[in-house]
Amino acid sequence: MLPAGMITYFDGKFVDDAEATVSVRSRALNYGLGCFGGIRGYVADDGKQVLVFRLDEHIQRLCESAKVLYLRPPGTPAELAELHLELLRRNDVHFDVYMRPLLLHNSTAMAPILDEATTSFTIFCLPLKRYIDKDAIDVCISSWRRVADNAIPARTKPTGAYLNSALARREAFDGGFDEAILLTEAGKVSEGSAEHVFMVRRGTLISPPSTQDNLDGITRRSLIEMAGDLGVPFVEREIGRTELYVTDELFLCGTGAQITPVKSVDRRTVGDGGIGPVTRKFQQYFDDVVHGRVAKRKSWVVPVWG
Ligand SMILES: Cc1ncc(COP(=O)(O)O)c(C=O)c1O
C-alpha cells in the first residue's frame with residue numbers, strides 16, 4: 001500500500017500526490033501519448049542510505065525517448081537527475097523504492113498531435129520490493145506480437161505501447177502462466193511484457209539485440225557488462241521460439257523484475273526446472289552491485305543521502 005502523504009513532482013512543483021492529476025481531456029490519456037521511465041533505489045547495507053541504480057542512464061534514455069516522441073524534458077539531464085534525488089529526500093525514503101518519471105503530451109485539445117510545447121513532466125515514487133512475486137516463473141509465448149519499431153517505437157518506453165504488454169500479460173494470466181514472452185512480427189524473440197530475455201546455452205549467455213522491437217533496456221545493458229566481470233561469454237543474436245524450449249537456463253530481467261528465473265516455457269521445463277548455476281551467479285552479483293558492494297561498479301549507484 002502507498003504510504004500516506006507521498007510527495008510527487010508535477011510540472012515544476014513538489015505537491016501532495018493527490019494533487020498531481022491530469023484532465024480527462026488530456027491527449028496523454030486519450031491517445032496514450034507520452035513516455036516514461038522506471039528507476040529503482042535500494043537500501044544499502046547500513047539500513048539507511050538509498051542507492052539509485054544507473055540514474056544517469058535512465059535519464060539519458062528518457063531524454064532520447066523524448067527526442068523521438070517530440071517531448072520536451074524540463075531541464076538538463078543533470079537537473080532531471082537532481083529532481084529524482086530531491087523527490088526521494090522529500091519523501092524521506094529509507095526503503096527499497098521505485099521512481100516513475102513521465103513525460104506527457106498534456107494538451108486538452110482534440111486530435112493526436114505531438115507538440116513539444118504541451119509537455120508535462122511528473123515523477124512519482126513508491127516502495128517496491130518485488131515486481132514479480134515468485135522465485136521462478138512459468139511463461140508462455142504470447143499470441144500477441146511485439147509492437148514493431150516502425151509502428152510504435154518500443155525502445156522509447158512509450159505509454160501507449162503498454163496496451164501491447166497488457167494484452168500479452170492478460171492472455172498469460174488467463175492461461176495460468178506468470179508472464180508472456182512476445183515475438184516480433186518476424187517470429188523471433190523480442191522481450192517479455194516488461195522484461196528482457198536472456199538464455200544460457202552450453203555456458204554462453206545469449207540475448208536478442210535491441211533492434212528486435214524491444215526497449216533499450218538498462219538492466220540488459222548492465223548484465224552484458226556484468227557478464228564480462230563474471231567471465232561468462234555473451235553473444236547478442238536473434239533467438240528462435242523453440243530455442244527457448246531447449247535452453248539450459250532462461251531468465252527475464254528488468255528494473256522491476258530484476259533477475260527472474262524462468263522454469264518453463266509453454267509448459268516445457270527449462271533445464272531441470274530449478275534455478276540454474278549461471279542464473280544464480282548473476283542474481284548474486286546483481287544484488288551485490290545494486291547494493292554498492294562491488295568496487296568496480298560503485299559508479300553505477302548514486303547515494304540519495306549525505
Ligand atoms: C517492455 C519492457 N521491456 C524491458 C524492460 C526492462 O528494461 P529496464 O532494464 O531498462 O528496466 C522494461 C521496463 O522495466 C519494459 O517495460
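1. In this predicted model, helix H3 comprises the 14 residues 77–90, and at 1.5 Å a residue these should span 20 Å, which agrees with its end C-alpha atoms being 20 Å apart. The buried residues of this helix are Leu80, His84, Leu87 and Leu88, and because they cover an arc of only 100° around the axis, they lie on the same side of H3.

2. The face of H3 turned away from that buried side carries the exposed residues Ala78, Glu79 and Arg89. The buried residues of H3, for their part, pack against helix H2 (55–68) and against several strands, namely E1 (7–10), E4 (39–43), E5 (50–53), E6 (97–105) and E7 (119–127). Just after H3, aspartate 92 takes a positive phi of about 50°.

3. Two further residues deserve a look at the backbone. Tyrosine 70, although it is not a glycine, has a positive phi of about 55°; this tyrosine lies in the loop between H2 and H3, and with 15 other C-beta atoms within 10 Å it is partly exposed. Lysine 157, also a residue other than glycine, has a positive phi near 55° and is found in the loop between strand E8 (137–145) and helix H4 (162–174). Is lysine 157 buried or exposed? Lysine 157 counts as buried, because it has 24 C-beta neighbours inside 10 Å, where the cut-off for a buried residue is 20 or more.

4. The domain assignment divides the protein chain into domain 1 (7–127) and domain 2 (137–290), and the C-alpha centres of the two domains lie 25 Å apart. The contact between them takes 21 residues from domain 1 and 12 residues from domain 2. On the side of domain 1 that touches domain 2, helix H1 (27–31), strand E3 (34–36), E4, E5 and H2 each supply at least two residues, and H2 gives the most, with five residues. By class, this side of domain 1 has 11 nonpolar, six polar and four charged residues.

5. As to the ligand, which residues come nearest? Of the 16 residues around the ligand, those are Gly217, Ile218, Thr219, Gly254 and Thr255. Helix H5, which runs over residues 218–230, gives the most to the shell around the ligand, with three residues. By class, the shell has three nonpolar, nine polar and four charged residues.

Key. Residues are numbered from 1 along each chain as its sequence is written. This is a predicted model: local features need pLDDT of at least 70, side-chain atom pairs count only at pLDDT 80 or more; totals for chains, interfaces and linings use all residues. Helices (H or I, at least four residues) and strands (E, at least two) are DSSP runs, numbered from the N terminus. The expected span of a helix is 1.5 Å times one less than its number of residues. A residue is buried if 20 or more other C-beta atoms lie within 10 Å of its own, exposed if 12 or fewer, and partly exposed in between; C-beta atoms are placed from the backbone. The arc is that of the directions from the helix axis to the C-beta atoms. Two residues are in contact if their C-beta atoms, placed from the backbone, lie within 7 Å. Domain bounds come from an automatic or database domain assignment. Ala, Val, Leu, Ile, Met, Phe, Trp, Tyr, Cys and Pro count as nonpolar, Asp, Glu, Lys and Arg as charged, and the others, Gly among them, as polar. A residue is near a molecule or strand if its C-beta atom, placed from the backbone, lies within 6 Å of it.
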